[in-house]
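Q: I'd like to learn how to read a model like this one, feature by feature. Can we walk through it together?
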Amino acid sequence: MRFGFREARKEDAEAVADLCNAFERAVAAEPEVVSADDVLRFWRRESERRLVLDGGALVGFAFVQRRGERYDGDGWVHPDAFGRGVGTAIVDWIETRSRELGSPEVRIGILHTDERAGCLLRRRGFDPIRSFFRMVIELDEEPEPPAWPEGFDVATLVPGEERVLHEVLEEAFEDHWGHQYRPFEEWIDARALEHELCFLVRSGDAVAAGAECKRQLFGMGWVDVLGTRREYRRKGVGDALLRHAFVELYRRGARRVGLGVDAENPTGATRLYERVGMRVASQADVYAKKL
């Protein structure tokens, strides 16, 4: 069966969000919820997006996104269209478009519980290369403010400090698996910073750590990025910054907070998140294929 592919436009965001949410309810143990605003936020990043149509019906959604010299892909199939070849059509498009864009490799992430997708990718020559956890915490009451290590102070990001936040986060993640450096102009263009939920930690005049959070993403408060520069690790800075983020998100209405983390994170981030009360809600597996 052949399906039509059409470029996704701004006015399609609501329909794409509905499709993604239907897929989550069908596959995930703890479904996440995206809004049209969430979808549009993702589309700020350099990417190509396609609706998958069967006649006039939306049965799938696919995109490829630039990651340095590589393009990664992702896709969703409406549960009503499972078993009709939509997933195969999506993988075909992702592979073909990534090759056309000159990508040496293509990567696709899937939910660990979606064995249907895993079988499809393995049949197509993809190999699993990494896993990531979605971790969450329920905030039943306002969290206690953190106890900051001596000599460290936190402040909310003020306009004009965006380059400082970019610098500290890029440096904090430079030794993480798969990290691709992004120049400031590219980084800021792909973001809609909520300044009141972005933080810088200083030790004297030096910036030791930073965090970018969202009031709501995936239906919860969200810690989008949190990182500590190497020389300031294992001093309790990351612990205090995460707890500070919980307090600020709670004050803005969040009663559930989540984040994503590499299951093999070399800095011990997963243990940190568990120590502050977070738990693993889901796992995503990344598959890769040389082109």
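Q: Is Arg 234 buried or exposed?
A: This is a predicted model, so keep that in mind throughout. The cut-off for exposed is over 50% relative accessible area. Arg 234 has 74% relative accessibility, so it counts as exposed. You'll find Arg 234 in the loop between β10 and α7.

Q: What about the phi of Arg 234?
A: Here's the general idea: most residues other than glycine have a negative phi. Arg 234 isn't a glycine, yet its phi is positive, at about 65 degrees. Phe 218 is another case, with a positive phi of about 55 degrees although it is not a glycine either. There's also Gly 253, which follows α7 and has a positive phi near 105 degrees.

Q: Where is Phe 218, and is it buried or exposed?
A: Phe 218 is in the loop between β9 and β10. Buried means under 20% relative accessible area, and Phe 218 has 13%, so it counts as buried.

Q: Let's look at Leu 217. What does it touch, leaving aside its neighbours within four places in sequence?
A: Start with where it sits: Leu 217 is in strand β9. Its relative accessible area is 3%, so it is buried. Beyond those sequence neighbours, Leu 217 is in contact with Asp 38, Arg 41, Phe 42 and Trp 222. If you want a distance to check on screen, the C-alpha atoms of Leu 217 and Glu 141 are separated by 20 Å, and these two are 76 residues apart along the chain.

Q: Now the sheet. How many strands form it, and in which order?
A: The general idea is that strands of a sheet pair through backbone hydrogen bonds, either parallel or antiparallel. Here 12 strands form an open sheet with mixed pairing, in the order β1-β2-β3-β4-β5-β12-β6-β11-β10-β9-β8-β7. The edge strands are β1 (4-7) and β7 (153-156), each of which pairs on one side only. On average, neighbouring strands of this sheet are turned by 25 degrees against each other, direction ignored.

Q: Which residue stands opposite Ser 47?
A: Look at β2 (residues 47-54) and β3 (residues 57-67), which pair in the antiparallel sense over 8 bridges. Ser 47 lies in β2 and stands opposite Gln 65 in β3. Not counting residues up to four places away in sequence, Ser 47 touches Val 64 and Gln 65. The side chains of Ser 47 and Arg 49 are joined by a polar contact of 3.1 Å.

Q: In what sense does β6 pair with β12, and with β11?
A: With β12, β6 pairs in the antiparallel sense over 9 bridges, and Phe 132 stands opposite Ala 284 there. With β11, β6 is again antiparallel, over 7 bridges, and Phe 133 stands opposite Val 261.

Q: Which strands does helix α3 lie across?
A: Helix α3 (residues 86-100) lies across β1, β2, β3, β4 (70-77), β5 (105-111) and β12 (279-290), and it runs at about 30 degrees to β3. Helix α5 (residues 162-172) also packs on the sheet, where it touches β8 (198-203), β9 (206-217) and β10 (220-228). The direction of α5 makes about 100 degrees with that of β9.

Q: What span should helix α7 have?
A: At 1.5 Å a residue, the 15 residues of α7 (residues 237-251) should span 21 Å. The end C-alpha atoms of α7 are 21 Å apart, which agrees.

Q: Which residues touch the most other members in the largest nonpolar core?
A: That core has 31 residues, and the ones touching the most other members are Val 223, Leu 242, Phe 246, Val 257, Leu 259, Tyr 273 and Met 278. At least two residues each come from β6 (127-138), β8, β9, β10, α7, β11 (256-262) and α8 (269-275). The largest share, 7 residues, comes from α7. To see one member up close, take Leu 242: leaving aside neighbours within four places in sequence, Leu 242 is in contact with Val 223, Leu 226, Leu 259, Tyr 273, Val 276 and Met 278. Apart from this core lies another of 25 residues, among them Ala 17, Val 39, Leu 111 and Ala 281.

Definitions and conventions. Residues numbered from 1 in each chain as written. Predicted model: local features only at pLDDT ≥ 70, side-chain atom pairs only at ≥ 80, totals over all residues. Heavy atoms only, no water. Pairing = 2+ DSSP bridges. Helix = DSSP H or I, 4+ residues; strand = E, 2+ residues; numbered from the N terminus. Axes fitted to C-alpha atoms, helices over the stretch in contact; angles between N-to-C directions. Contact = heavy atoms within 4.5 Å. Expected span 1.5 Å × (residues − 1). Buried < 20%, exposed > 50% of the residue type's maximum accessible area, 1.4 Å probe, protein only. Core = buried A, V, L, I, M, F, W, Y, C linked by side-chain atoms within 4.5 Å. Polar contact = N/O pair within 3.5 Å; in protein donor to acceptor, adjacent residues only side chain to side chain.
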